Amino acid sequence: MGMPVAYALTRFQFAGSGMVETVFSAPILVPGLVIGFAMLNFFVLLGDMQVMTGLFIGHTAILFPYSVRVISASLRNLDPYVEDAAVSLGANRLRGFVLVVLPNMQAGIAAAFVLGFITSFNNVPVSLFLSGPGVTTLPVSMLSYLEYYFDPTIAALSTLLVIFTVVLVQTAERLLGLSQYV
Amino acid sequence: MPHLEIRDLTVSYEKNQPTLEQFSLDVEQGELLSLLGPSGCGKTTTLRSVAGFIRPDAGRIVINGRDYTDLPPNKRDIGLVFQSYALFPHLTVFYNVAFGLRMRRIPKDEVRARVTKALKMVGLEAFANRRPAQLSGGQQQRVALARATVIEPQVLLLDEPLSNLDARLRVDMRQEIRRLQQQLGITTLYVTHDQVEAMSISDRVVVMNQGAIEQIGTPESIFAAPETVFVADFMGFDNRFSAVVESVGNGKLRVFWGGAPIELRWNSKFGSPQSGARAEIFFRADDASLVAGTEASGLAGQVILHTFHGNELRYLVETEVGEFSIMQDSAGERFESGAAVTVQAQTQKWIAIFEDARKTKGKSHD
């Protein structure tokens, strides 16, 4: 989903493009608790929305800036003239994009996916507000578990999570060179 | 009939500020024509209009008798080479070159044969399976050339193709482009801001300024006989001064140089200015010499600075009509800073320009 926004932001300087960029990075800058509470008000109290849907939209919103940034970075590495080159060789705009731009965005898209997955998976503040009966995320249930019990389960689970994240990031780094995008 | 005709092309990015205005140009079959000018003079805009990436506000582009003006860029059959090469980073050299043929749905066997032939022409047949990132800049530009010419385009367009290469490689690639262009007999537009490059590679050169043509001609004629002040500046005439015309006639123009008259070539097609009119005189640093003292005939002056350039020394000399830069053989007599000298004119290659003689071209945009 970050793809079209990233493409538009890197390829065109339009009126307000700076503002759009700021809006899309806002979820990084605004504290998670604020976003979570705002979304709770908006989705659940006003919108009477399903818990699952709310959680989904909330997470999409916090991931959006990451994917936009990462994909923008991969596009900035690509010579903007390759599209013109493809068109001059007989490809129409769409084919030029599919055959030339998209393959060169792949690493960026994959990196955005990994980064997004980790961010979403580890997020507490937004999830805390948007989770509800029957629908919750692992860190949130860990947090509530911790409020009632104090046993090594959480410590063990945390260790597993840390290892899982490290392995995932390392793999991504090896395969895609994640660090050049972040 | 010219192979490529540009007729009254007008392009403006902003309202009432045309980058190109009523621009017309003919390129003959198989000719290499350079568009030469400083950045912002409209040369790249011209190129991109021919390629179809810019829609002109007015005017027509005709190639081989067919009107191309409303044709989208992917239907134009034009080879384009970019300053940044713009190779496809995810494809091997072979598939980069094959791209245009595959878009044209040419059978596989023929694609293979034509790509191999094109790579052979640029000396890269051994690199077919490499990725662009594994090649040097010169090799990448050769791939770009092969990619643009393998489709046998009507017109080849080159947009500052050598700007990203170092000086020595640039000279090699210049010859390579020229050789390839002549072998294929392909009509070519070459955009550059480097006058040496334009001179060495072209059949004809178009000097552009502010969206209009200053002068068109062979490299020799433009180098030796600029017709406007702008072209003279751009062609490396180091020295310029204003002089009052003494008399005109017989293809000669007389002005005073340190008390004595000197005669310059004057082409009467630029009119016959009255005596007393002001002319701009241009000469290169090689076309004057220095003698010690102020007794000799010529213009008296004083050496301000000298710099060493191998076989030559360049002197900066202050005189009553201005400061001049003058090259002398470094084996000859040397003059220290502050020395009194006389500047003697060797006027065979000097030129005189009257800005009133020709209507001043181009409107000021700033």
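Tutor: A contact means that two residues have heavy atoms within 4.5 Å of each other. Keep that in mind for chain A. The model is predicted.

Student: Among contacts in chain A between residues at least 6 apart in sequence, what share joins residues at least 24 apart?

Tutor: Chain A has 9 helices and 0 strands. Buried residues make up 40% of its 182 residues. Now take the contacts in chain A between residues at least 6 apart in sequence: the share that joins residues at least 24 apart is 70%.

Student: At roughly what angle do the axes of helix α4 and helix α6 of chain A cross?

Tutor: Helix α4(A) covers residues 51-76 and helix α6(A) covers residues 93-122. Residues of α4(A), including H59(A), Y66(A) and V70(A), meet residues of α6(A), among them M105(A), G108(A) and L115(A). The crossing is right-handed. The axes come within 8 Å, and the angle is roughly 145°.

Student: Which residue in β5(B) stands opposite V62(B)?

Tutor: Strand β4 of chain B covers residues 58-63. Its link to β5(B) is antiparallel and has 2 bridges. Opposite V62(B) stands D67(B).

Student: N64(B) is not a glycine. What is its phi, about?

Tutor: N64(B) sits in the loop between β4 and β5 of chain B. Its relative accessible area is 43%, so N64(B) is partly exposed. Its phi is positive, at about 55°.

Student: Is D77(B) buried or partly exposed?

Tutor: D77(B) lies in the loop between β5 and β6 of chain B. Its phi is positive, about 65°, although D77(B) is not a glycine. Its relative accessible area is 24%, so D77(B) is partly exposed.

Student: How many aromatic pairs are there over all chains?

Tutor: Two rings pair if their centres lie within 6.5 Å. By this rule the count over all chains is 16.

Student: How many residues apart in sequence are the parts that F88(B) and F99(B) tie together?

Tutor: The two rings form a tilted pair, 4.7 Å centre to centre, with 50° between the planes. F88(B) lies in the loop between β6 and α2 of chain B, while F99(B) lies in helix α2. So the pair ties together parts whose separation in sequence, in residues, is 11.

Student: Are F88(B) and F99(B) buried or exposed?

Tutor: Buried means under 20% relative accessible area. F88(B) has 0%. F99(B) has 5%. So F88(B) and F99(B) are buried.

Student: How many residues apart in sequence are the parts that W266(B) and F354(B) tie together?

Tutor: This pair is edge-to-face: 5.1 Å centre to centre, 85° between the planes. W266(B) lies in the loop between β13 and β14 of chain B, and F354(B) in the segment after β20. So the separation in sequence of the joined parts, in residues, is 88.

Student: Which residue lies over the face of F88(B)?

Tutor: A charge sits over a ring if it is within 6 Å of the ring centre and within 35 degrees of the ring normal. Here the distance from the ring centre of F88(B) is 4.6 Å, and the residue is R147(B).

Student: Which residues make up the covered face of strand β12 of chain B?

Tutor: In a regular strand the side chains alternate between the two faces of the sheet. In β12(B), residues 252-257, the uncovered face has K252(B), R254(B) and F256(B). The covered face has L253(B), V255(B) and W257(B).

Student: How many bridges join β12(B) to β13(B)?

Tutor: One bridge partner pair is L253(B) with L264(B) in β13(B). In the hairpin of the two strands, G258(B) takes a positive phi near 60°. The strands run antiparallel, and the number of bridges is 6.

How values were computed
Residues are numbered from 1 along each chain as its sequence is written. Chains are lettered from A and ligands numbered from 1 in the order in which they are written. This is a predicted model: local features need pLDDT of at least 70, side-chain atom pairs count only at pLDDT 80 or more; totals for chains, interfaces and linings use all residues. Side-chain values use heavy atoms; hydrogens and water are left out. Two strands pair if DSSP finds at least two bridges between them. Helices (H or I, at least four residues) and strands (E, at least two) are DSSP runs, numbered from the N terminus. Rings of Phe, Tyr and Trp (its six-membered ring) pair if their centres lie within 6.5 Å; planes under 30 degrees apart count as stacked, over 60 as edge-to-face and the rest as tilted. Buried means under 20% relative accessible area, exposed over 50%, partly exposed in between (1.4 Å probe, protein chains only). Axes are lines fitted to C-alpha atoms, for helices over the stretch in contact, and angles run from 0 to 180 degrees between N-to-C directions. A crossing is left-handed if the near helix is turned anticlockwise from the far one by less than a right angle, and right-handed if clockwise.
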